[in-house]
Amino acid sequence: MKINFTHLKINLLLICAFSLFGNYSFGQIAQWDLTSTGTPSTVDLNIDASDFNSGSGITVISYAATGAYSNGWSTSAIDLNDYFEIYVTPNAGFIINVSELNFSERRSGTGIRDYQVRWSLDDFATSTTIATI
């Protein structure tokens, strides 16, 4: 699963459920603190989680005590080259059922006004928007 955060500055926490042979467990599967690096700070043993990445339309990601940020966002409309993204993939034999996605964002007075949170199973050949803000 690839989750694309279009027009967004975030701290991210994924809450998901796993399934294996009919046994279920619930809990946090991955967390990105984003204060000094884009590497996930917590990853469940049964998944693979990518580093926090950005699209080609914005500047290189910077990290600070308040989280990750980047400049160069389009302010007039959603630009499909302006995004932050993560990948979360279950290991063989496991299924991820995302039941909750937690993040925070902040914007400057001259920054972006709108953003979307999307997910995809096919590297964004198609995607589903789960929030437009």
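**Aromatic rings and the nonpolar core**

Trp73 is buried, and so is Phe84, where buried means under 20% relative accessible area with a 1.4 Å probe and protein chains only. The model is predicted, with local features needing pLDDT of at least 70 and side-chain atom pairs counting only at pLDDT 80 or more, while totals for chains, interfaces and linings use all residues. Residues are numbered from 1 along each chain as its sequence is written, and side-chain values use heavy atoms, leaving out hydrogens and water.

**Exercise 1.** Determine how many aromatic pairs there are, and classify the geometry of each.

*Solution.* Rings of Phe, Tyr and Trp (its six-membered ring) pair if their centres lie within 6.5 Å, with planes under 30 degrees apart counted as stacked, over 60 as edge-to-face and the rest as tilted. By this rule there are 2 aromatic pairs. Phe52 and Phe84 have ring centres 4.8 Å apart and planes at 50°, so this pair is tilted. Phe52 lies in the loop between strand 5 (47-49) and strand 6 (53-54), whereas Phe84 lies in strand 9 (residues 83-90), 32 residues apart. For Trp73 and Phe84 the centres are 5.1 Å apart and the planes at 90°, so this pair is edge-to-face.

**Exercise 2.** State how many residues the largest nonpolar core has, and which strands supply at least two each.

*Solution.* A nonpolar core is a set of buried Ala, Val, Leu, Ile, Met, Phe, Trp, Tyr and Cys residues joined through side-chain atoms within 4.5 Å. The largest has 18 residues, and those with the most contacts inside it include Phe52 and Phe84. Strand 3 (23-32), strand 5 and strand 9 each supply at least two residues of this core.

Terms used. Helices (H or I, at least four residues) and strands (E, at least two) are DSSP runs, numbered from the N terminus. Buried means under 20% relative accessible area, exposed over 50%, partly exposed in between (1.4 Å probe, protein chains only).
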